Amino acid sequence: MSSTDTASTAGTASSASTPSTGPASTAGTPSPRSTSVISADHLSKWYGQVIGLNDVSVNVPAGVTGLLGPNGAGKSTFMKLITGQLKPSKGVVKVLGEPIWGNPGLYFRIGFCPEQDAFYERMTGLEWVRALVRLNGLGDKEADAAATRALTAVDLMEAANKKIGAYSKGMRQRVKMAQALVHDPQLLILDEPLSGMDPIGRRKTIRLIREWGRSGKSIVVSSHILHEIESMTSNILLINNGRILAEGDVHQIRELIDEHPHTIYVRAEDPRRLAREFLGGVDDVRSMKFEPNAVVVETGKPDAFYARLTEMAASGEFGAIDEVTSPDDNLQAVFQYLVK
Amino acid sequence: MPIHDQSYRHYGGGRGVPGRSWAVIAWAGIRSFMRKRAFMGLMLFALSPFVVRAVQFWIASQYPQASVLAPGPETFRQFLEQQDFFVFVITIWIGSGLIANDRRANALQIYLSKPLMRTEYIAGKLAILFVFLSLVTLAPALLLLLLKIAFDGNFAFLKNNLFLIPAIVVGSLLQVMLASFTMLALSSLSKSARFVGIMYVGITFFTTAMFGALYAITGTSRVSWISVGANITQVVDVVFRLKPRYATPWQVSLLVIIALIVVSISILERRVRGVEVVT
């Protein structure tokens with residue numbers, strides 16, 4: 001991946017010991033690689049007077065790439081531009097070598113999983129995926145087979161004939177991924193696929209994404225949680241205030257992140273019992289506070305904490321863990337550090 | 001014991017080409033309405049005037065003493081006018097949720113990330129309305145003409161009224177197009193199908209009531225162009241070579257119809273987007 005954002009940003013990124021591992025190119029001029037699946041050249045998007053993406057030039061290589069940034073950084077705008085749902089105000093974006101805007105033929109090769117739920121809740125998962133894959137030109141029988149295959153791939157076949165309205169948050173995310181995957185696209189674009197999932201669901205989804213990456217698909221996955229992205233890929237694109245801040249190897253970014261305490265919100269059936277366990281043994285928890293049906297943990301060792309949390313959820317001894325989210329204060333702090 | 005490959009398998013089948021997805025949208029919509037018994041009951045009920053007319057044609061052809069029942073060109077116009085009510089009800093039933101429900105479910109974002117152009121999406125939705133509305137206007141009217149020929153056993157009626165075929169086609173299509181485009185545009189404006197239905201009923205009745213009030217005040221029907229329904233009536237009368245019933249020039253009524261369709265297309269162009277940008 002080569003960062004070619006504006007001169008000031010590129011300069012900042014490298015001077016701040018950024019994780020830029022790709023060959024740096026002249027500011028403002030992209031250096032496309034033959035393997036890049038997405039290339040943006042001076043890409044900008046304004047919403048009236050508000051700028052969503054600011055003069056971004058970047059090449060995203062084949063493989064799994066994490067798009068990382070706090071809420072409002074421009075991740076979703078970038079996602080919408082690379083899926084052709086928004087027209088760039090300025091610049092060009094090419095996906096798989098072709099301009100994406102007004103090029104529906106390209107959607108045969110792309111799968112998009114949006115952040116928002118987009119369901120007819122009265123349909124079953126199988127009906128929904130089958131109906132959508134028919135838009136890819138598959139006949140009834142082929143659509144049925146493809147939908148079954150995709151739901152199996154996301155481990156949702158057991159619930160395929162249940163109404164989507166009865167699905168949990170994790171199941172909803174997985175059925176959305178199934179519709180993105182169902183036509184076997186070359187490039188998968190996943191917008192916050194882990195958002196609101198429980199730890200088990202997260203682990204399953206991360207495993208799936210890694211498996212798809214290994215099977216030869218290119219995947220762009222967005223998140224505002226570094227540790228999620230890190231578990232999927234080491235190749236990241238850091239975005240803030242509509243600009244690409246840094247790109248490349250996740251480990252160098254992680255070192256910066258770990259200097260800042262990490263806040264994790266855990267909504268659970270019995271948060272006090274969880275809290276007792278958090279405090280026992282390992283010194284990865286700095287502080288805790290309780291909220292209704294939830295505990296908010298500040299940790300200096302997010303990796304260790306997430307691993308412990310997943311084990312606790314899997315053991316089932318601490319009641320149901322309904323939701324794990326991470327406010328992005330710490331990430332914001334790293335961004336500010338990079339921008340300085 | 002054989003160990004089966006559990007890894008991801010790539011799709012090996014065929015694929016369609018862009019440009020045909022509208023048919024998928026249309027067919028999915030048509031199928032979903034055909035599965036509703038109450039709706040199919042309404043469709044059958046909407047064909048009852050056709051059955052009555054068919055019986056009328058048969059009696060007129062079999063019994064010379066029933067010549068008072070003999071159909072003329074205006075009979076076909078009357079039949080289309082009778083169907084106005086059913087066009088109105090079916091348009092609301094089908095059309096109000098066509099886009100509104102997709103907007104409520106955020107489905108547009110998913111649809112438009114598939115090989116589907118916005119025009120195809122709109123064409124697919126329009127086709128659903130077109131098919132059902134044509135089934136209660138165009139199809140039975142043409143079938144009535146065929147029945148007339150069949151009952152008479154000769155083509156004399158058709159030869160004498162050859163304009164009836166284009167008149168039926170144009171008159172029906174005008175009715176269907178205006179209802180379809182305006183309803184689809186209204187459906188794209190809201191996420192609530194119920195609200196869309198109320199808007200459609202409101203616009204239809206309000207414009208008719210306005211025309212009625214102005215007619216009562218001024219004593220002239222020159223302002224009939226205010227009423228959506230009156231415009232259709234006026235133009236279809238002319239298409240059937242009948243004396244227009246209002247004082248508004250039919251060209252004005254036609255212009256109003258075209259303007260309504262253009263405005264509807266413009267609304268659809270703005271509102272049917274995968275991502276709603278609020279600035």
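**Close-up views of a predicted model**

View 1. Asn240(A) sits across from Arg243(A), a residue of strand β11(A). The model shown here, like the other views below, is a predicted one. Strands β10 (residues 235-240) and β11 of chain A run antiparallel to each other and are joined by six bridges. Two residues separate β10(A) from β11(A) in this hairpin. Look in the turn for Asn241(A), whose phi is positive, at about 50 degrees.

View 2. Staying with β11 (residues 243-249) of chain A, we find six of its seven residues buried, so the strand is largely enclosed by the rest of the structure.

**View 3. The buried face of helix α4 in chain B.** Helix α4(B) spans residues 73-82, and its buried residues are Phe76(B), Arg77(B) and Leu80(B). Viewed down the axis of α4(B), these buried residues fall within an arc of 100 degrees, so they line one face of the helix. As a friendly reminder, an α-helix has 3.6 residues a turn, so residues three or four places apart point the same way.

**View 4. Where chain B meets chain A.** Here 30 residues of chain B are in contact with 34 residues of chain A. On the chain B side, the elements giving two or more residues are α1 (21-34) and α7 (107-111). Helix α7(B) provides the largest share, four residues. By type, this side of chain B comprises 16 nonpolar, 10 polar and four charged residues.

How values were computed:
Residues are numbered from 1 along each chain as its sequence is written. Chains are lettered from A and ligands numbered from 1 in the order in which they are written. This is a predicted model: local features need pLDDT of at least 70, side-chain atom pairs count only at pLDDT 80 or more; totals for chains, interfaces and linings use all residues. A residue is buried if 20 or more other C-beta atoms lie within 10 Å of its own, exposed if 12 or fewer, and partly exposed in between; C-beta atoms are placed from the backbone. The arc is that of the directions from the helix axis to the C-beta atoms. Two strands pair if DSSP finds at least two bridges between them. Two residues are in contact if their C-beta atoms, placed from the backbone, lie within 7 Å. Ala, Val, Leu, Ile, Met, Phe, Trp, Tyr, Cys and Pro count as nonpolar, Asp, Glu, Lys and Arg as charged, and the others, Gly among them, as polar.
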